[in-house]
Amino acid sequence: MPDEMSRPLIRERGEGGGSRRLEAPTYECGAPVIGILGTGDFSRSLAKRLVASGFHVVVGSRNPKRSAALFPEEAEVTSQLEAATQAQLVFIAVFPEHHSTLVALKPALAGKTLVDVSNSLQINQAGPSNAERLADLFPESDVVKGFNTISAWTLQMGPRDGCRQVFLCSNSQKAKSSVVELCHRMGFIPVDVGLLSSSLDVENLPLHLFPPWRVPVICTLSLFIFFYLYNFLRDVLHPFVTSGKSAFYKMPVETVNVTLPSVSLVMLALVYLPGLCAAFLQLCWGTKYRRFPERLDRWLTRRKQFGLCSFFCAVLHAIYSLCLPMRKSARFQLMNAAFKQVKAGVEDSWVDEEVWRMELYLSVGIMALGLLSLLAVASLPSVANTINWREFSFIQSTLGYCALLMATLHTLLFGWDRAFDPSQYRFLLPPTFLLVLILPLAVLLGRLALFLPCVAGRLKQIRRGWEKSRHIRFVLPDEDSHNGLDDVSNVP
Amino acid sequence: MPDEMSRPLIRERGEGGGSRRLEAPTYECGAPVIGILGTGDFSRSLAKRLVASGFHVVVGSRNPKRSAALFPEEAEVTSQLEAATQAQLVFIAVFPEHHSTLVALKPALAGKTLVDVSNSLQINQAGPSNAERLADLFPESDVVKGFNTISAWTLQMGPRDGCRQVFLCSNSQKAKSSVVELCHRMGFIPVDVGLLSSSLDVENLPLHLFPPWRVPVICTLSLFIFFYLYNFLRDVLHPFVTSGKSAFYKMPVETVNVTLPSVSLVMLALVYLPGLCAAFLQLCWGTKYRRFPERLDRWLTRRKQFGLCSFFCAVLHAIYSLCLPMRKSARFQLMNAAFKQVKAGVEDSWVDEEVWRMELYLSVGIMALGLLSLLAVASLPSVANTINWREFSFIQSTLGYCALLMATLHTLLFGWDRAFDPSQYRFLLPPTFLLVLILPLAVLLGRLALFLPCVAGRLKQIRRGWEKSRHIRFVLPDEDSHNGLDDVSNVP
Amino acid sequence: MPDEMSRPLIRERGEGGGSRRLEAPTYECGAPVIGILGTGDFSRSLAKRLVASGFHVVVGSRNPKRSAALFPEEAEVTSQLEAATQAQLVFIAVFPEHHSTLVALKPALAGKTLVDVSNSLQINQAGPSNAERLADLFPESDVVKGFNTISAWTLQMGPRDGCRQVFLCSNSQKAKSSVVELCHRMGFIPVDVGLLSSSLDVENLPLHLFPPWRVPVICTLSLFIFFYLYNFLRDVLHPFVTSGKSAFYKMPVETVNVTLPSVSLVMLALVYLPGLCAAFLQLCWGTKYRRFPERLDRWLTRRKQFGLCSFFCAVLHAIYSLCLPMRKSARFQLMNAAFKQVKAGVEDSWVDEEVWRMELYLSVGIMALGLLSLLAVASLPSVANTINWREFSFIQSTLGYCALLMATLHTLLFGWDRAFDPSQYRFLLPPTFLLVLILPLAVLLGRLALFLPCVAGRLKQIRRGWEKSRHIRFVLPDEDSHNGLDDVSNVP
């Protein structure tokens with residue numbers, strides 16, 4: 001079979017096709033016959049995968065002769081009616097707007113399990129879902145929604161590509177069980193998401209475009225624009241306005257390079273701020289049984305994304321910084337400085353303070369970047385899956401605060417004593433690093449406050465279920481399990 | 001039990017070994033007794049895992065006394081005949097060339113399930129497979145092929161190391177089901193790949209050495225050699241031949257550093273070329289129901305590998321570039337230039353055009369690298385598994401084209417106006433960047449052409465099933481499901 | 001339902017809640033009613049997930065009215081007794097120290113399956129485990145230990161976050177089976193770890209803090225301290241003592257930058273040393289059936305961690321090196337050197353040997369880093385899962401030795417002929433690179449020795465089961481399976 005698309009899957013042997021065919025009638029007796037209505041890309045991939053998983057596949061096409069060439073040899077391509085009649089479990093791989101063309105098959109499909117694999121073209125908030133409409137069309141069949149999150153590509157590449165989850169829902173437990181069984185045999189992990197009323201969500205799943213990333217990315221971009229304009233004012237426009245010096249060449253690299261670490265540090269502080277807020281709210285309320293405001297709750301679930309945005313900016317900052325000495329502008333400045341030194345006859349231009357400042361902030365900055373890299377690697381799904389929650393909380397909380405501390409130190413050392421130098425207040429604007437430091441310093445101080453014995457002890461009590469309003473409860477503490485939501489979502 | 005190898009697994013308690021033993025007779029009544037024939041590394045790891053999963057394990061050895069010390073205490077080590085008699089399900093962990101030594105056990109194994117875990121030493125294209133030969137030897141037993149893709153190492157480390165797939169095939173559905181069940185209990189994910197005739201492929205699986213990487217890596221290496229020689233001619237040999245200047249010191253770093261981005265950009269263009277070809281073929285044929293040429297099909301499945309090779313070259317290029325100012329040669333050149341400037345009495349050597357060119361191409365280059373990094377991270381299996389196909393196509397297609405655009409801009413800015421400078425045509429060879437730009441510019445223009453409303457509209461029709469040869473089909477469109485193979489494999 | 005925490009899960013539709021409720025009585029007939037005792041974070045997340053997976057959930061609370069608001073609408077919140085009575089399978093999500101408060105429910109829980117999800121606060125080596133104590137309290141119920149490794153967070157985020165393993169153990173096979181089934185429906189991967197006597201290990205699992213990393217990290221830190229002090233003596237203290245020059249500014253960057261590659265290279269050699277030791281021990285003993293010393297065995301399982309520590313140091317070294325020309329100190333030195341050159345009237349200060357040395361060691365160093373990056377990426381769990389053991393052994397063994405060779409070359413080229421320069425022996429201490437090279441050179445020579453035909457042949461025989469003590473065994477070789485533990489753990 002000269003079919004390269006099937007390569008990634010377990011291949012059929014060229015010669016073996018025939019012999020397998022001979023065995024076909026027996027197939028795997030007991031295994032249900034699987035029907036597929038529709039002949040698109042998805043149907044073809046599905047048929048290949050089902051055949052490879054040892055099922056007897058019957059494809060129903062409106063034009064069986066033309067379609068047969070597109071399917072694996074082992075699949076039987078026949079009329080829609082024939083396929084619907086033979087199979088106990090039928091995949092409906094037809095555009096949802098053409099579901100109604102299948103109504104003629106209603107008697108043949110009665111009592112059978114229909115798997116609706118369709119997707120919408122855009123997010124459907126109102127309902128009803130495709131699957132619900134299909135169920136209305138075929139009231140005597142059991143409709144299962146599923147496989148829509150799986151692309152035809154995955155169906156083909158699947159077995160070598162880690163685990164894949166298939167979300168299933170149906171009003172019929174029996175029909176769902178048979179599809180669950182099918183998933184297992186195909187190497188997918190079925191996830192039962194309940195009744196058919198969940199199908200709308202399942203259909204919307206593949207249409208979302210990074211919903212958890214929206215706020216963090218917008219936040220990053222806004223901060224970038226703000227700090228870029230601020231730095232542009234101070235570093236480019238100020239010398240031009242005051243002394244007529246053109247420093248516009250700084251815009252593509254230097255200004256960006258001063259902006260990126262500002263964004264990165266503020267974003268990193270924003271990762272740890274919500275945890276602190278949560279802790280202080282709990283201390284203030286004296287209970288953990290009150291819901292956080294919706295915004296805080298959402299923020300708590302977005303910390304990973306905030307952190308990764310911060311890390312991305314930090315890495316870009318590192319690359320931009322490393323590029324600095326490579327630039328022609330740096331070269332020209334250096335040569336002009338050397339010229340001046342020679343003219344002035346200064347044998348040694350060494351300034352110890354400047355040297356120490358730079359060596360220190362470079363070193364601390366690299367350490368901060370190293371720690372952030374560890375955090376980023378630990379947030380890769382496959383790595384995160386192999387660590388337990390104590391390790392996770394050690395990395396994301398302890399190491400994370402160390403990274404924040406290092407990054408703050410890096411900025412403080414970079415600033416050195418320039419906060420007290422009036423010439424740094426161009427246009428009366430304070431140096432950028434002063435603005436940047438406000439939030440991280442606040443977060444670090446807040447964290448320190450939580451280390452005070454009285455505060456730490458009270459917080460621990462609250463997290464074990466104690467409540468201010470009824471002291472008796474600590475003596476007879478409430479049932480609870482300390483399995484880590486505290487540690488993951490609330491402990492700052 | 002002083003057995004450090006079992007550490008990663010759930011450990012047996014030193015003292016508990018005895019007490020568990022006392023419970024052994026009841027074990028987990030209902031659980032089948034599992035036999036293992038063979039005492040190699042694989043057998044030992046398998047026995048440990050089975051014991052840890054709560055099974056009663058009987059190991060059949062030709063020399064039980066000597067072997068017993070190597071197995072966990074909970075496993076019973078006995079003669080081969082005894083093990084074959086006790087167990088309902090027997091793992092055959094014996095070199096395939098010694099399968100015949102087991103013939104004496106035929107009566108004891110009749111009616112039982114034999115799991116063949118063996119591998120070949122080299123790829124076997126002709127067949128029959130080890131499992132098929134085993135099935136011929138034991139016609140009265142049900143042979144299941146499986147676990148050969150799992151290393152003894154994985155068996156031991158398994159539970160903490162993510163999910164692992166076990167490919168199973170057998171002619172007996174019942175035997176296969178029992179092994180499927182066993183896999184589930186051991187924490188593996190069984191993948192049913194059909195009848196025993198698939199066992200040859202299953203046996204060959206662990207012997208392949210990166211088959212999808214072969215073409216991309218060869219492609220990268222060839223491009224590297226070509227561009228390296230080309231740059232060597234222009235940058236090293238030309239000054240030596242024409243003016244006797246020795247620039248051979250450029251070979252290890254500078255020439256490599258000019259070669260790497262060339263390879264990277266061409267490879268990146270090669271990622272997007274096949275998608276364009278596919279789109280234009282479909283436009284030309286007026287249908288999506290015709291098979292692409294085999295080469296194009298294979299190319300489409302290798303795009304990820306092409307992209308990662310391109311990314312690897314881009315990262316190396318970044319590191320090489322960042323190393324440039326660190327070199328002694330750069331230092332010497334700088335000092336000599338400073339000397340000349342002082343001698344010539346030029347106070348300011350600043351050249352605005354050169355400064356702008358460099359600042360711009362550095363900045364655009366870093367952005368291209370940043371985008372490529374996002375693409376690379378998104379192609380990690382565990383990350384790719386968590387994103388839906390709309391997100392996947394956004395990253396790989398939209399962001400990917402942005403990265404290509406940025407990289408092309410980086411090269412154009414690097415080239416600046418040097419394409420029109422006759423002195424750049426050394427040995428009549430055009431500057432490298434001109435050669436490099438051909439392909440990416442062609443791809444970008446091709447992509448632009450697909451944005452033209454008339455072309456885009458027609459392509460969309462075709463992808464929904466419309467065909468040039470029968471216009472009526474669009475009015476009554478064919479059944480189909482839009483689950484993304486289009487978007488993943490064909491949309492450029 | 002304004003519940004943002006449940007967002008990541010399949011969302012309930014605001015309006016749909018009602019309709020689902022109407023169907024609630026039928027729920028999914030056949031599905032067991034699941035009870036949860038306890039109302040903490042874990043209970044709430046568990047209830048949400050169970051509801052989302054289509055189960056009927058009954059939560060038993062000591063104060064149902066107050067708790068009801070915290071649970072999803074679909075879950076029934078009632079008294080503990082009521083919940084215990086209704087459900088067949090009951091999760092005990094109560095602090096283990098309060099298990100005894102549940103004794104009143106004993107009659108209601110008799111004959112039912114209790115799932116103990118509790119964790120200890122600290123590692124418990126002695127036993128009995130919480131689950132065993134629970135089983136003692138409820139002798140008429142079947143206790144299953146499990147879900148304690150899953151955080152409340154995972155329960156909520158689960159379906160989109162890859163696969164998660166749930167370790168289960170119980171003395172009742174029937175009870176365990178029902179929990180296994182439950183896991184499957186919730187999208188988790190159950191791993192059967194045997195009888196309830198394993199529960200202590202299961203409870204300790206989430207309390208470990210990177211046990212396999214302890215030795216490698218300690219090793220890295222010790223080496224770092226040693227080499228840092230050594231370099232400090234030679235590079236900072238020596239010039240100060242002998243000539244009064246203050247080079248203390250080198251401490252944050254330069255000394256660290258000389259220390260990191262030393263640590264990295266030694267750690268990389270330590271990755272390949274145990275494999276060599278194992279091979280030589282096997283050659284020496286003439287058999288593979290003898291256990292390695294415990295330390296060697298443990299070392300063999302820690303090689304990945306050693307390698308990643310080495311890689312981390314190598315990356316930091318690269319960043320530090322790239323920072324060198326950016327520093328003020330480098331700038332001052334350069335300008336002073338230019339001043340001297342001008343004063344001395346030297347037109348060309350170029351020294352060919354120094355240039356070549358640097359170009360070569362930079363180039364080789366970058367290649368070593370590139371290879372190490374490939375090794376690091378290949379050791380990510382999700383990548384490692386997609387490659388077979390031949391590919392794994394190619395990367396970790398062949399590419400790994402190439403990286404070691406490159407890194408050794410990098411160091412040799414860096415050293416150049418300075419080993420023979422007496423002025424380098426400050427305080428009579430040899431240059432650092434000499435110390436560093438001992439181990440990698442020994443490992444490379446040892447590996448070369450194993451390539452000698454006679455040695456390689458004998459080793460291969462031994463790994464196929466041959467033993468020195470009984471030559472006859474090779475003629476009639478022992479049963480064995482070559483599934484890769486050799487290749488992964490023993491082949492150097």
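In this predicted model, strand E6 (residues 142-145) and strand E7 (residues 165-170) of chain C run antiparallel to each other and are joined over two bridges. Within this pairing, Val144(C) has Ser170(C) of E7(C) as its bridge partner.

**The sheet of chain C**

Strands E6 and E7 belong to an open sheet of eight strands in chain C, ordered E3-E2-E1-E4-E5-E6-E7-E8. The pairing across this sheet is mixed. From one strand to the next, the twist averages 30°. In general, the strands of a sheet pair through backbone hydrogen bonds, in either a parallel or an antiparallel manner.

A helix also packs on this sheet: helix H2 (residues 41-52) of chain C touches strand E1 (33-37), strand E2 (56-61) and strand E4 (89-92) of chain C. The direction of helix H2 makes about 170° with that of E1(C).

**The interface of chain A and chain C**

Chain A contributes 93 residues to its contact with chain C, and chain C contributes 97 residues. The area buried between the two chains is about 8800 Å², and carbon and sulfur atoms give 60% of this area.

Which charged side chains meet across this interface in a salt bridge? The rule finds two salt bridges between chain A and chain C, and they are listed below.

| Residue in chain A | Residue in chain C | N to O distance |
|---|---|---|
| Glu359(A) | Arg327(C) | 3.2 Å |
| Glu354(A) | Lys328(C) | 3.5 Å |

The pair of Glu354(A) and Lys328(C) crosses between chains, from helix H15 of chain A to helix H14 (residues 328-344) of chain C. Over all chains, the count by this rule comes to 27 salt bridges.

The interface of chain A and chain C also holds nine residue pairs in polar contact, with both residues at pLDDT 80 or more. On the side of chain A that touches chain C, helix H15 (residues 352-378) of chain A supplies the largest share, namely 13 residues. Sorted by class, this side of chain A has 43 nonpolar, 25 polar and 25 charged residues.

Methods
Residues numbered from 1 in each chain as written. Chains lettered and ligands numbered in written order. Predicted model: local features only at pLDDT ≥ 70, side-chain atom pairs only at ≥ 80, totals over all residues. Heavy atoms only, no water. Pairing = 2+ DSSP bridges. Helix = DSSP H or I, 4+ residues; strand = E, 2+ residues; numbered from the N terminus. Axes fitted to C-alpha atoms, helices over the stretch in contact; angles between N-to-C directions. Contact = heavy atoms within 4.5 Å. Buried area = accessible area lost by both parts, 1.4 Å probe. Salt bridge = Lys/Arg side-chain N within 4 Å of Asp/Glu carboxyl O. Polar contact = N/O pair within 3.5 Å; in protein donor to acceptor, adjacent residues only side chain to side chain. Nonpolar A, V, L, I, M, F, W, Y, C, P; charged D, E, K, R; others polar.
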